Number of protein chains: 2
Amino acid sequence: MIIIGELINASRKAVAAAIEAQDANAIKKLAKDQAEAGADYIDVNAGIFVKKEVEYLRWLVESVQAATDKPCAIDSPAPQAIEASLEIHQGTAMINSISLEKDRYENLLPIVAGTDLKVVALCMSDEGMPESVEDRLKIADKLINGLIQNNVKIENIFVDPLVQPLSVNDKFGMEFINAVEQIKANFAGIHTACGLSNISYGLPERKLLNQTFMVMAIAKGLDGAIVNPLDQKMMACITAATALAGEDEFCQEYITAFRENRLS
Amino acid sequence: MIIIGELINASRKAVAAAIEAQDANAIKKLAKDQAEAGADYIDVNAGIFVKKEVEYLRWLVESVQAATDKPCAIDSPAPQAIEASLEIHQGTAMINSISLEKDRYENLLPIVAGTDLKVVALCMSDEGMPESVEDRLKIADKLINGLIQNNVKIENIFVDPLVQPLSVNDKFGMEFINAVEQIKANFAGIHTACGLSNISYGLPERKLLNQTFMVMAIAKGLDGAIVNPLDQKMMACITAATALAGEDEFCQEYITAFRENRLS
């Protein structure tokens, strides 16, 4: 399971304040805490600072990598901001995310083409948000083929089938996880990854729904997650589900997590 | 989701003591509590009392049905004990369980043949315990066809694919839930049901594993569970997973459970 730590996002007030104050220590702490809690990538997002995104995103990458050796997931649709960040990024970054929306696709494809960058491919097009398994497969198919034709290796692609709220349609949970299953079945070597918290929008006990949905998605083959790694209960669910999915040889990581008191 | 309450089982010391003392009130309380917590069937098992099973099982059915209008899951391989219990059972009972083991199959088939009884069909044969999806499908196929040829309706059959411990083989979780998926896909109208706690045998934090595995099985189509309905955390997981699986119209049961403080 590939964990993308989501906390360094300027849409969170404390992070926005740290960015404006150029408080590198606050960012470093968030990076280090997430890495220690199991993050494989540290997401960085400065999207609310439209005019200063280039400068701030690059500064976030710099701050994160001063604190941990984990690569970043560079979370922006803006090619200049991504390129400025990649100039100084150590190791192989992830780009979060390309989609089938015309502008986004045309802006980001040249950045990832022919590289070893990891790339999140979001199942979104100019025709709007996908609802059914078929909607998602149609977009995923175009995205994956477009990326492969541009010399991106299939194992570097993380398809995000896009979670929609259960409160809007009580079939939206299954449409999403069945899309995960189909994408994994149709494209050998592909990864899937997503943020899941949209599923519980408008419903009570959101944490229970988010944890439960994560486990259901892992049962269907989800192998990447954009989450808060400091949410110990969520991470315990992921560790247990990964073991139960047969992706943790001899349950070693599960037993280690137990010994380190990370399951309770 | 069909919930079979597992608590009235003589392998539990308090239940064995209540049976020997013929303490009907203790049994009635266990029946009532489980029904109120959401059990659709109340399992009754007096298997440890080999010589008195006929008398005791019948007494359990009588006691349960004096306290609740829920039907019983009559949990025995002994035809005389089952028949004595069925004589006095009100409503449509479930028989737990037939299997492909020769004696058990030949003893129980005449009891369910041509009736409207529900029947749990355990994927076990004289060749031993199934390990792979294929092992389970082979046994399920024979059991289902045998029952249907004996005029048992497919919708009255609950296949139990038989959970094996993850500590024995780290693929046993997926072999089980993939069997659930295949059985549901191959036999339209069939149900699946099982006890899940074997999955965590020999591993720490068993409750976490049991809850997580239940959710994964529901994602793959499990629609019946033999559980302790008084385990509120497990029931909350089942309620959330059922909603996320699109089996709870407008999330009504989920929202009701929240209002009744059953999700926390």
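A: What follows covers the aromatic pairs, then a charged patch.

This is a predicted model: local features need pLDDT of at least 70, side-chain atom pairs count only at pLDDT 80 or more, and totals for chains, interfaces and linings use all residues. Residues are numbered from 1 along each chain as its sequence is written, chains are lettered from A in the order in which they are written, and side-chain values use heavy atoms, without hydrogens and water.

A pair of aromatic rings is described by the distance of the centres and the angle of the planes. Rings of Phe, Tyr and Trp (its six-membered ring) pair if their centres lie within 6.5 Å; planes under 30 degrees apart are stacked, over 60 edge-to-face, the rest tilted.

Phe49(B) and Tyr56(B) are both buried (under 20% relative accessible area with a 1.4 Å probe, protein chains only; exposed is over 50%, partly exposed in between).

Phe176(B) and Phe213(B) make a tilted pair, 5.6 Å centre to centre with 45° between the planes. Phe176(B) sits in helix H7 (residues 172–186) of chain B and Phe213(B) in helix H8 (residues 206–219) of chain B, so the pair ties together parts 37 residues apart in sequence. Helices are DSSP runs (H or I, at least four residues), numbered from the N terminus. Both Phe176(B) and Phe213(B) are buried.

Now the charge. Asp135(B) belongs to a surface patch of negative charge, with Asp103(B) and Glu131(B) among the other members. Patch residues have over 30% relative accessible area and no salt bridge, with like charges joined within 9 Å. A salt bridge is a side-chain nitrogen of Lys or Arg within 4 Å of a carboxyl oxygen of Asp or Glu. Asp135(B) lies in helix H6 (residues 133–149) of chain B, and is partly exposed at a relative accessible area of 30%.

Note on methods: Patches are made of residues with over 30% relative accessible area and no salt bridge: like charges are joined within 9 Å, nonpolar side chains (Val, Leu, Ile, Met, Phe, Trp, Tyr) within 5 Å. Accessible areas come from the Shrake-Rupley method with a 1.4 Å probe; for residues, only the protein chains shown count as cover. Lys and Arg count as positive and Asp and Glu as negative; His and the chain ends are not counted. The place of a charge is taken as NZ of Lys, CZ of Arg, CG of Asp or CD of Glu. Helices (H or I, at least four residues) and strands (E, at least two) are DSSP runs, numbered from the N terminus.
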